[in-house]
Amino acid sequence: MAHYVPMVNSPPTYLSAGINDSVTTIPVVDASKLPDAPNLATIGTGVTAETILYTGKSGNNLTGVTREFEGTKREWDSGTQIWRTLTAYDIRKLQEDAEALSGDLEAHEDKNASQS
């Protein structure tokens, strides 16, 4: 997945047309508000939000969309907010990276201690 460069206030865009729960191309008002693909975007807010994975952007369409990456796929109305926000996936990835770095540091410290 592409690196997400955080943007102040995670600027949203909006669905430019309603979508059903099976579409794999999602039309938005301004795709420039979302990071380059592949990446994640969250449709809606709160407990009903759905996080998707998109593999491409073509004009103002998100393409190659995997629905239900997090949350439940569903129909969404035109005008629904879509944005790149912090997701459970992001937090899990940060935790995994921190644990890997911690393990690398411990291995490095053990190696240095044995060479002393």
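How many helices and strands does the protein chain contain? In this predicted model, the protein chain has one helix and eight strands. Read from the N terminus, the order of elements is β-β-β-β-β-β-β-β-α. The radius of gyration is 18 Å, whereas the globule rule gives 13 Å for 116 residues, so the protein chain is more spread out than a compact globule. The C-alpha trace spans about 65 × 25 × 25 Å along its principal axes.

Of the 116 residues in the protein chain, 31% are buried. Among contacts with a separation of 6 or more, 56% involve residues 24 or more positions apart. The protein chain carries 9 positive and 16 negative side chains, and the centres of these two sets are 6 Å apart.

Strand β4, formed by residues 50–54, is mostly covered, with five of its five residues buried. This burial applies to both faces of β4: E50, I52 and Y54 lie on one side, and T51 and L53 lie on the other.

Strand β4 is paired with two other strands. Strand β3 (residues 39–43) runs antiparallel to β4 and is joined to it by five bridges; L40 has L53 of β4 as its bridge partner. The hairpin of β3 and β4 has six residues between the strands, and G44 in this hairpin adopts a positive phi near 80°. Strand β7 (residues 66–70) also runs antiparallel to β4, with two bridges joining the pair. Here, L53 stands opposite T66 of β7.

Methods. Residues are numbered from 1 along each chain as its sequence is written. This is a predicted model: local features need pLDDT of at least 70, side-chain atom pairs count only at pLDDT 80 or more; totals for chains, interfaces and linings use all residues. Side-chain values use heavy atoms; hydrogens and water are left out. Helices (H or I, at least four residues) and strands (E, at least two) are DSSP runs, numbered from the N terminus. The radius of gyration is taken over C-alpha atoms; the globule rule is 2.2 Å times the number of residues to the power 0.38. Buried means under 20% relative accessible area, exposed over 50%, partly exposed in between (1.4 Å probe, protein chains only). Contact means heavy atoms within 4.5 Å. Lys and Arg count as positive and Asp and Glu as negative; His and the chain ends are not counted. The place of a charge is taken as NZ of Lys, CZ of Arg, CG of Asp or CD of Glu. Two strands pair if DSSP finds at least two bridges between them.
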